[in-house]
Amino acid sequence: MQKFRRTTARFYFMGIKIWNKLFPASVSSPPPPAAMQSSLTSLDNSVVVITGSSKGIGLALAKAFAEKGSKVVINARSENDLNNAENILKKAGCTVLAIQADVSTSAGAKTLIEQTLSHFGPIDVLINNAGVVGPSDKPVWQVNTEQWDEVLRVNVMAAIHCSALLASEAIKSRRPVKILNVSSGIVGHGLTHLGPYAISKDALESVTRAYSWDSEEGIVCAVSIQPRSVRSTMTKDFYDRAEYAMMDDADAVAPVFLWAATAPAALIQGRSFSEPLFAGDPSSAKSIRGQLVGAQPITIKPATFISNTDNSKQPGAYMHLLENANGFYPSAREQLLKELEQRDIYSYPDPEYKTLTKALATETDLPEDQIALGAGSSEIINRLLQLFTTPGDSIVVTKPTWSFFHAFSARWQLIPTQVAMVGSLADGTLRHNLDGLLAAITPRTKILYLVNPCNPTGSLLPKDELETFIASVPEHIILVLDEAYIQYADPAQRPDPKQLLASCKARLIILRTFSKFFGLSGFRIGYACASAETVNLLSRAMMPFGITTAAAKIVPTVLKDTTFRQQVYDNNLEGREQLEQGLTKLDINFLPGQTNFILFDCPTDPKRLHSDLKKEGLIMPDVNQFLQNYSVLAVGKKEHNQLVLDALSKY
Ligand SMILES: Cc1ncc(COP(=O)(O)O)c(C=O)c1O
């Protein structure tokens with residue numbers, strides 16, 4: 001009964017709360033909000049308070065703001081340090097007030113804010129910079145109580161006390177203020193043995209967010225800024241001498257603070273800015289959130305896309321991205337033409353992609369809930385990195401590997417450990433170093449990426465070796481097995497996805513694409529085979545209707561087109577043999593492979609070969625050289641292969 005009464009009361013009060021939110025009483029409405037953009041636009045005559053500013057970043061900021069015309073208030077616990085700093089600033093002609101106070105106590109914070117108000121009047125900007133590193137030589141569980149208290153008090157409580165006092169003033173007078181919290185590059189990038197410092201800086205980021213949430217109208221605008229490590233007394237003990245010598249002076253970090261102090265509150269409220277990323281690319285730092293700020297767009301040169309109809313001398317020779325030389329499947333063409341008569345082709349696809357998923361389940365002999373769809377396997381790679389990793393995670397990849405993977409992992413700020421292949425091309429033994437890949441895994445490794453058959457070597461791992469390897473990958477790893485070219489490999493030697501998934505302790509994601517063997521690169525369609533649980537996770541980050549209706553319609557058709565599939569396989573095999581025999585005759589070393597491309601030792605500068613073949617209308621793959629003059633030949637139609645061999649015979 002008591003429980004019932006309590007529940008009823010809770011619902012009653014909740015109801016009142018919701019009612020008040022929906023229909024606020026007009027009498028208690030707050031005064032109209034100060035517009036978000038009404039904050040400071042010029043620093044001239046502004047009042048800027050900087051805690052912990054007797055040296056390092058704090059002092060550099062005091063100087064930078066004073067040079068822009070601000071009246072600066074510096075603060076420190078030590079009288080000596082503070083006097084020194086005051087002298088430096090006064091000599092430089094700055095308008096400065098020095099206030100000695102321990103702002104990590106509420107009394108100290110009060111002294112700082114009240115003395116500033118009575119001396120300079122209203123405060124425009126508060127920079128919460130006071131901080132200590134704390135113990136940096138022991139794991140977090142060995143840090144003692146006093147050390148915890150000290151770091152959290154100075155790094156977090158000081159910011160909270162000073163901000164609270166300033167915020168109440170600002171809200172009372174409805175005069176906008178900026179709070180800039182000096183965070184750290186350590187946020188999101190774990191460093192060992194800096195537990196209290198790292199925790200305090202994470203906490204400071206959440207102080208920023210809390211102030212911004214509670215001041216939606218932007219009167220109190222709070223921002224975190226993560227500066228680079230600079231040469232200071234604070235970093236001197238932590239970094240070794242060589243690293244320390246390479247660091248910048250503290251004033252390098254000033255531009256982002258000067259910008260944030262005058263930027264519109266609506267743009268920066270509650271956000272966290274990485275100072276090095278801001279310095280490198282201010283425009284993206286201002287407009288993009290989080291880790292994508294530092295990412296480069298992946299550029300694919302349009303020059304390589306020479307259409308068959310305009311300037312290419314070789315119709316159908318479209319081999320630079322290792323597509324299928326046999327072109328569009330006739331059955332797909334027929335299906336598409338038929339579909340053009342139907343309404344379905346131009347409307348939304350089936351949101352569950354039932355027919356498509358069923359066709360892929362049949363193809364792989366897996367249950368439908370073990371198939372995830374994507375707009376090409378590139379999209380699935382990007383999505384799984386977004387989903388499963390955080391900046392600073394380590395990943396293990398082969399060297400070389402598919403170049404896009406590097407671009408995607410840079411986009412998500414992952415740290416790659418590259419494991420070089422072993423063997424040599426000259427004697428045909430160049431291959432993945434499976435033991436090396438396993439040895440490179442640490443508890444911090446999130447992803448292991450392996451392409452099989454390999455791009456760019458074309459070699460397929462023997463089934464039993466792959467199975468043993470997969471069974472040895474530890475449980476905490478997400479193992480990405482990219483099978484972009486698997487349909488070109490000898491069917492008897494292809495691994496069975498079902499068996500691989502059953503034997504792997506790790507979270508295995510097998511990627512397949514329709515861009516290569518099935519010639520549907522323009523339709524952007526790929527899929528992943530994984531456990532039902534992984535497929536479910538992958539679907540969380542999927543775009544609704546992310547696969548086009550046309551792709552969803554065509555794929556089941558090409559999968560069923562066993563006649564053309566066999567023809568594509570046979571033609572590729574013949575073309576590969578034609579190239580291999582030609583290369584042997586020319587005495588050029590190559591790696592016998594199982595794909596629609598061949599890694600070979602180019603008898604001239606590969607750039608020259610590319611440019612000579614381009615003149616003939618053949619665009620060859622632009623695979624980075626990773627050893628000497630190695631390059632990649634795509635298997636094309638017979639006549640194209642012959643042109644390539646003719647060109648090679650001239651060097
Ligand atoms: C190894 C590898 N994986 C994935 C892809 C991407 O294919 P998709 O077109 O499905 O994104 C390629 C394309 O070149 C590739 O070589």
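Biologist: How much of the protein counts as buried?
Modeller: Of its 651 residues, 42% count as buried. Keep in mind that this is a predicted model.

Biologist: What does the secondary structure come to?
Modeller: The protein has 24 helices and 16 strands. Its C-alpha trace spans about 90 × 70 × 55 Å along the principal axes.

Biologist: And the contacts, what share of them join residues at least 24 apart in sequence?
Modeller: Counting contacts between residues at least 6 apart, 72% join residues at least 24 apart.

Biologist: OK, the inside. How many residues are in the largest nonpolar core?
Modeller: That core has 75 residues. Those with the most contacts inside it are L61, I74, I127, C162, F257 and A260.

Biologist: Which helix gives the most to it?
Modeller: Helix α5, residues 145–173, with 10 residues.

Biologist: Back to A260. What is it in contact with, leaving aside neighbours within four places in sequence?
Modeller: A260 is in contact with K178, L180, V223, I225, I268 and F273. Apart from this core lies another, of 74 residues, and F408, L414, I447 and L461 are among them.

Biologist: Why would nonpolar residues be buried together?
Modeller: In soluble globular proteins, nonpolar side chains tend to be buried together.

Biologist: New topic, helix packing. At what angle do α15 and α20 pack?
Modeller: Helix α15 (residues 377–388) and helix α20 (residues 532–540) pack at about 95 degrees, and their axes are 9 Å apart. An angle from 65 to 115 degrees counts as roughly perpendicular, so that is how α15 and α20 lie to each other.

Biologist: Which residues meet there?
Modeller: From α15, R383, L384 and L387; from α20, L537, L538 and R540. By class, that contact has 4 nonpolar and 2 charged residues, with no polar ones.

Biologist: And α21, which of its residues are buried?
Modeller: In α21, residues 549–560, the buried ones are A550, A551, A552, K553, I554, V555 and V558. K553 is therefore a charged residue in that buried list.

Biologist: What covers them?
Modeller: The cover over the buried residues of α21 includes α13 (330–340) and α14 (354–364).

Biologist: Last one, the ligand. How many residues surround it?
Modeller: There are 14, and the closest are G376, S378, A484, T513 and S515.

Biologist: How does that shell split by class?
Modeller: The shell around the ligand has 8 polar, 5 nonpolar and 1 charged residues.

How values were computed. Residues are numbered from 1 along each chain as its sequence is written. This is a predicted model: local features need pLDDT of at least 70, side-chain atom pairs count only at pLDDT 80 or more; totals for chains, interfaces and linings use all residues. A residue is near a molecule or strand if its C-beta atom, placed from the backbone, lies within 6 Å of it. A nonpolar core is a set of buried Ala, Val, Leu, Ile, Met, Phe, Trp, Tyr and Cys residues joined through C-beta atoms within 7 Å. A residue is buried if 20 or more other C-beta atoms lie within 10 Å of its own, exposed if 12 or fewer, and partly exposed in between; C-beta atoms are placed from the backbone. Helices (H or I, at least four residues) and strands (E, at least two) are DSSP runs, numbered from the N terminus. Two residues are in contact if their C-beta atoms, placed from the backbone, lie within 7 Å. Axes are lines fitted to C-alpha atoms, for helices over the stretch in contact, and angles run from 0 to 180 degrees between N-to-C directions. Angles under 35 degrees count as roughly parallel, over 145 as roughly antiparallel, 65 to 115 as roughly perpendicular and the rest as oblique.
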